[in-house]
Amino acid sequence: MIRRIVLTMFSLVLVLSIAGCSSGDSKDHSGSQIQNTGEAQADKYEFVYKGTTITMKAKAGPILEAIGEHNAYYEAPSCAFEGLDKTYSYSGFDVVTYTLNGVDYINSVVLMDDTISTPEGIAIGSNVEAIKSAYEEASAYSGPSYTIEQKDTILLILTDNAVATSIQYIAITE
């Protein structure tokens, strides 16, 4: 339980630091859509849960409705956007949203344990060889992390002792 709280707080700090604390507008959000195909698009990193594809910068309402009731909820004033940053906790992962022009959008998805994996099969506990095999771009290793960027999403995989300890999908908002 304490590990989950620490990972959640670390993830929130990381998301906020990547988003930056500016009041500038982010990129256009009108093209983001929810898909229920159960498969992520090959040209961008997306998280899939029970047949619902969660795309960064997509409108949060339809996605949150599709994935069902959350186990816990947390909100805090946003330093990067208007209103509140909202965290919805589900079994094995968290979804963080931000508000822009009165609409909530997906800002990040944070995998919390080994019960959930990416569409490519990577989970907390996966070894570095599996990460490199799943993501050819993962050869761009920097310190204890793999930062892989496609379209408007960063896939961040933190490692310790050659094993994934954190997996996060993060919207690029500036």
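Two strands are taken to pair if DSSP finds at least two bridges between them, and the strands themselves are DSSP runs (E, at least two residues), numbered from the N terminus. The model is predicted, so to speak of local features pLDDT of at least 70 is needed, side-chain atom pairs count only at pLDDT 80 or more, and totals for chains, interfaces and linings use all residues. Residues are numbered from 1 along each chain as its sequence is written, and side-chain values use heavy atoms, with hydrogens and water left out.

With strand β8 (residues 145–150), β9 runs antiparallel, joined by 6 bridges; here Thr-147 has Leu-156 of β9 as its bridge partner.

As for burial (under 20% relative accessible area, 1.4 Å probe, protein chains only), 7 of the 8 residues of β9 are buried, so the strand is largely enclosed by the rest of the structure.

Elsewhere, Asp-85 turns up in strand β4 (residues 82–90). Asp-85 is buried but has no salt bridge, meaning a side-chain nitrogen of Lys or Arg within 4 Å of a carboxyl oxygen of Asp or Glu. The nearest side chain of opposite charge, Lys-86, is 9.1 Å away.

Terms used: Helix = DSSP H or I, 4+ residues; strand = E, 2+ residues; numbered from the N terminus. Buried < 20%, exposed > 50% of the residue type's maximum accessible area, 1.4 Å probe, protein only. Lys, Arg positive; Asp, Glu negative; His and termini not counted.
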